[in-house]
Amino acid sequence: MYAEKVLSGMRPTGRLHLGHYHGVLANWVKLQDRYPCLFFVADWHALTTAYDEPGTITDNARDMVVDWLAAGVDPAKATLFVQSQVPEHAELHLLLSMMTPLGWLERVPTYKDQQEKLTHKDLTTYGFLGYPLLMSSDILIYRADKVPVGEDQIPHVEFTRELARRFNHLYGREPGFEDKARETMKKLGGKGAKLYGELRTRYQEKGDGEALEQARALLHEAQSLSMLDRERLFGYLEGGGKMILVEPEALLTEASRMPGLDGQKMSKSYGNTISLREDEESIRKKIRTMQTDPQRVRRTDPGDPDKCPVWQFHLIYSDAGVKQWVQEGCRSAGIGCLDCKQPVIEGVLKEQEPMRERARQYEENPRLVKDILAAGREKASALAQETMRDVRAAIGVSYD
């Protein structure tokens, strides 16, 4: 079937912070060494809530991509591009909207959740209601089978799977499908066709999962089959039709443990962030002035690290020896709060040093970022156009 692909995107909200790095970017860096990856700037998604203030999107997108590159995302390994520069996203979104039940959109958990949180915004727009469909189009247009998400985003992936399934059910049946499938079986050879038929019967009549896996392996290994042949026989095996859109799987990622400077989740809205590539002196000042255990008023007062936001940083940046030193020193008042904060400062600066170094060339020569995104757009466009040719043909829409 189609090749493995990972797809993920981020809204351009400006410079990224350590929460983004530990929650998303560090995982992207690992994934790019394991799979073909596409990472995109979700600028159209930004308009779903910022439609009345679009002027900042372009600058925010550029800053965000520099942060990606600084974090170690490698354009030689992954495809980086801007969503709006590949118009097939919008075309697939439009065509899918024709067959997406309204109730599917209204039941997406984040729909009401975001409306309740963003009460200062008028979100009674189709764009906001339909953003899960646009998100699904982003995935389906590249036939990506893996989407790295946190637990709260799993419903979006399941929504996308249902859409792909519905589309394939409605439009994946080509005229004379079963006759063509039986004819295609002959390309497996006498023994191969017989084995495929037996495995298909065992799966469809008895629900034999092992038979399904054996049949899939047989099709994957068959050198005599074209891509279209495989699609047809996979559909015939599973009781469907030709697979046009791929059902993605959620690639569950660990929730970020990165706290903010006040102990809450690191977020721009809380004003408690440390940005990637932030000035060293600014980082020192922010960490030195972090609030600590409120019960520790004087230097001689014993404290409790578990009640101190600084301890949350030690869990990320300090080794076992430093953690023990903090626990014993704080509880006995053997160390002061500034002493406790110094290893955290050193840990953050050490982490950011290579980021600043990698970012320097892009800061000094913005054209490099444009070239990376242009090259990424070409690669992404080729994949998107291939999908849209199949989608148009299935629906019966032709621009020729």
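Biologist: How much space lies in the largest cavity here?

Modeller: About 100 Å³ of space lies in the largest cavity. Keep in mind that this is a predicted model. A cavity is a spot where a 1.4 Å probe fits but cannot get out.

Biologist: Which residues are the closest to its centre?

Modeller: Look for R296, C308, C330, C337 and C340, which are the closest to the centre among the 13 residues that line the largest cavity.

Biologist: And which helices supply at least two residues of that lining?

Modeller: Three to find on screen: helix 15 (309-317), helix 16 (320-331) and helix 17 (337-364).

Biologist: How do the lining residues divide into nonpolar, polar and charged?

Modeller: The lining of the largest cavity has nine nonpolar residues, along with two polar and two charged ones.

Biologist: Okay, let's zoom out. How many helices and strands does the protein have?

Modeller: You'll find 18 helices and five strands. The C-alpha trace spans about 85 × 45 × 40 Å along its principal axes.

Biologist: What share of the residues is buried?

Modeller: We call a residue buried when its relative accessible area is under 20%. Here, buried residues make up 50% of the 400 residues.

Biologist: Last one: what about contacts between residues at least 6 apart in sequence?

Modeller: Of those contacts, 78% join residues at least 24 apart.

Key:
Residues are numbered from 1 along each chain as its sequence is written. This is a predicted model: local features need pLDDT of at least 70, side-chain atom pairs count only at pLDDT 80 or more; totals for chains, interfaces and linings use all residues. Side-chain values use heavy atoms; hydrogens and water are left out. On a 1 Å grid over the protein atoms alone, a cavity is a set of points where a 1.4 Å probe fits but cannot get out, and a pocket is an open set with protein on both sides within 12 Å along at least five of seven lines; lining residues have an atom within 4 Å of a point. Grid points are joined across faces, edges and corners, and a volume is the space filled by probe spheres set on the points. Helices (H or I, at least four residues) and strands (E, at least two) are DSSP runs, numbered from the N terminus. Ala, Val, Leu, Ile, Met, Phe, Trp, Tyr, Cys and Pro count as nonpolar, Asp, Glu, Lys and Arg as charged, and the others, Gly among them, as polar. Buried means under 20% relative accessible area, exposed over 50%, partly exposed in between (1.4 Å probe, protein chains only). Contact means heavy atoms within 4.5 Å.
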